[in-house]
Amino acid sequence: MLAKGSHSWVFTASLFTIAMGFMYITSRLQIFNVKSMLDVPLLGGNTFFLSLFSGWQIFLYSTFGFGLLTVFFVFFFRDPKRDSPLCKSCILAPADGKISDIRGRKVCIFMNINNVHVNRAPFCGKVLSVKHFKGSYLPAFTKDSSRNERINILLQTSVGKIEVTQIAGFLVRRIVTYVEEGDEILQGEKIGMIRLGSRVDVTIPEGFDICVSKGDKVYAGDTKIAKTPHHER
């Protein structure tokens, strides 16, 4: 299953793969003159591509390259099914990844390129606000990345307000958020996605003890990152 908001990326890469594959097959069958199609003056008349490869080789390598890109997008934008049983005495991780920092009541989760990038609600509640902030695109694992392009989602829950911040990384130019102000969401429900490496921060309300440490691996809607003192295992 692909994450919401990623289908256009996969479709585009697949379309280029099919197109280049078609061009390769027809060029090998000599249905058209590849040289005349590619012999376009570049930089003063230099036929750059034809000086490196024959026509059919260009299409072959392009097919292979776009095919790999399609496979990468399918892997990166995967959205595995997860069942998140409601837990009133614990806060769940909003993202897959590694705990990169814990700053007071804030837990920071860095999502690497191999992690699932769909974000989930850490607790049941109502969306009070969804605010977008423009910023830079520093590597998401750095402390200064809090100044990056980001979206703050503020939840009103039965245990207090919880803020989830989606932070773009240096390869990212788009954060996709699935929720809007006024939405009622359940714990573990999908709330958004960040493309190509990023970070998610979540504030832990008072009354909960943070039960993860820096370097721990967590999974969205599954790993408990905080719990009340009387929480039952």
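User: Which atoms of C87 and C90 are 2.1 Å apart, and what do they form?

Analyst: Those are the sulfur atoms, and they form a disulfide. In general, a disulfide is a covalent bond between the sulfur atoms of two cysteines. The cut-off here is a pair of cysteine sulfur atoms within 2.5 Å. Before we go on: this is a predicted model, where local features need pLDDT of at least 70 and side-chain atom pairs count only at pLDDT 80 or more, while totals for chains, interfaces and linings use all residues. Residues are numbered from 1 along each chain as its sequence is written, and side-chain values use heavy atoms, leaving out hydrogens and water.

User: Are C87 and C90 buried or exposed?

Analyst: Both are buried. Buried means under 20% relative accessible area, exposed means over 50%, and partly exposed is in between (1.4 Å probe, protein chains only). C124 is partly exposed at 25%, and so is C211, at 33%.

User: Where does UniProt place the "active site"?

Analyst: The unreviewed entry puts it at S198. UniProt positions follow the numbering used here, feature names are shortened, and annotations may be inferred rather than shown by experiment. S198 sits in strand β11, residues 198–203; strands (E, at least two residues) are DSSP runs, numbered from the N terminus. S198 counts as buried because its relative accessibility is 0%.

Methods: Helices (H or I, at least four residues) and strands (E, at least two) are DSSP runs, numbered from the N terminus.
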